[in-house]
Amino acid sequence: MTNVKLVGQFTVRGKENDKPARDEYTILSATKMENGDYWLIKARIQYGKNDLTIPMPLQVKWAGETPVITLDNVTIPGLGTFSSRVVIDGSMYAGTWTHDKVGGHMFGTIEKLPE
């Protein structure tokens with residue numbers, strides 16, 4: 001999960017008839033931390049008018065050999081507080097997200113970036 005881009009879409013619960021919005025996350029690096037299931041993920045987050053790069057300690061749970069990136073009320077500076085579950089399956093991802101009282105689904109593909 002180093003030097004990859006998650007390119008996809010997200011929906012908003014209650015607005016299922018709206019076209020999904022595009023979002024993009026670039027994972028520059030992912031390093032296992034010493035404390036439990038946490039990984040330090042340096043990510044560039046792009047959605048709407050937001051574009052920022054930050055390191056985040058995120059919990060990664062495992063369903064067998066499948067990683068699930070897990071956020072429980074994690075505050076991302078400049079963006080707000082989020083919860084989510086994102087399943088990584090080969091070159092695809094899918095999950096759920098909440099931001100305050102808004103939430104929905106997210107899904108897309110994982111692309112390896114050139115070195």
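**Before you click.** This is a predicted model, so local features need pLDDT of at least 70 and side-chain atom pairs count only at pLDDT 80 or more, while totals for chains, interfaces and linings use all residues. Residues are numbered from 1 along each chain as its sequence is written, and side-chain values use heavy atoms, with hydrogens and water left out.

**Stop 1: the whole fold.** Switch to cartoon view. You get a closed barrel of eight strands in the order β1-β2-β3-β4-β5-β6-β7-β8, with antiparallel pairing. Neighbouring strands of this sheet are turned against each other by 30 degrees on average, direction ignored. For that angle, axes are lines fitted to C-alpha atoms, for helices over the stretch in contact, and angles run from 0 to 180 degrees between N-to-C directions. Strands here are DSSP runs (E, at least two residues; helices would be H or I, at least four), numbered from the N terminus. Two strands pair if DSSP finds at least two bridges between them.

**Stop 2: β2 to β3.** Select residues 21-32 for β2 and residues 38-47 for β3. They pair in the antiparallel sense over eight bridges, and Ile 27 stands opposite Ala 43 in β3. The two strands form a hairpin with five residues between them, and Gly 36 in the turn has a positive phi of about 60 degrees.

**Stop 3: β3 to β4.** Which residue of β4 is the bridge partner of Tyr 47? Pick Asn 50. This hairpin has two residues between its strands, and Gly 48 in the turn shows a positive phi of about 55 degrees.

Stop 4: Residues 66-76 are β5, which pairs with β4 in the antiparallel sense over five bridges. Ala 63 stands opposite Thr 66 in β5. Again there is a hairpin with two residues between the strands, this time with Gly 64 in the turn at a positive phi of about 65 degrees. Carry on to β6, which pairs with β5 in the antiparallel sense over seven bridges; the bridge partner of Val 74 in β6 is Phe 82.

**Stop 5: the largest pocket.** Turn on a surface. About 480 Å³ of space lies in the largest pocket. Of the 22 residues that line this pocket, the closest to its centre are Tyr 25, Ile 45, Leu 71, Ser 84 and Met 106. The elements giving two or more residues to the lining are β1 (4-10), β2, β3, β4, β5, β6 and β7 (92-99).

On method: the search uses a 1 Å grid over the protein atoms alone, and a pocket is an open set of points with protein on both sides within 12 Å along at least five of seven lines, whereas a cavity is a set where a 1.4 Å probe fits but cannot get out; lining residues have an atom within 4 Å of a point. Grid points are joined across faces, edges and corners, and the volume is the space filled by probe spheres set on the points.

Colour the lining by class and you get 18 nonpolar, three polar and one charged residues. (Ala, Val, Leu, Ile, Met, Phe, Trp, Tyr, Cys and Pro count as nonpolar, Asp, Glu, Lys and Arg as charged, and the others, Gly among them, as polar.)

Stop 6: Zoom in on Ser 84, in strand β6 (residues 80-89). Is Ser 84 buried or exposed? With 10% relative accessibility, Ser 84 counts as buried (buried is under 20% relative accessible area, exposed over 50%, partly exposed in between, with a 1.4 Å probe and protein chains only). Leaving aside neighbours within four places in sequence, Ser 84 is in contact with Ile 69, Thr 70, Leu 71, Thr 96 and Trp 97, where contact means heavy atoms within 4.5 Å.

Next, click Thr 75 in β5. Thr 75 counts as exposed, at 55% relative accessibility. With neighbours within four places set aside, Thr 75 is in contact with Gly 80 and Thr 81.

**Stop 7: positive phi without glycine.** Asn 3 has a positive phi of about 60 degrees although it is not a glycine. Asn 3 sits in the segment before β1 and is buried, with a relative accessible area of 16%. Finish at Asp 100, in the loop between β7 and β8 (102-112). Phi of Asp 100 is near 60 degrees, a positive value in a residue other than glycine, and Asp 100 counts as exposed at 61% relative accessibility.
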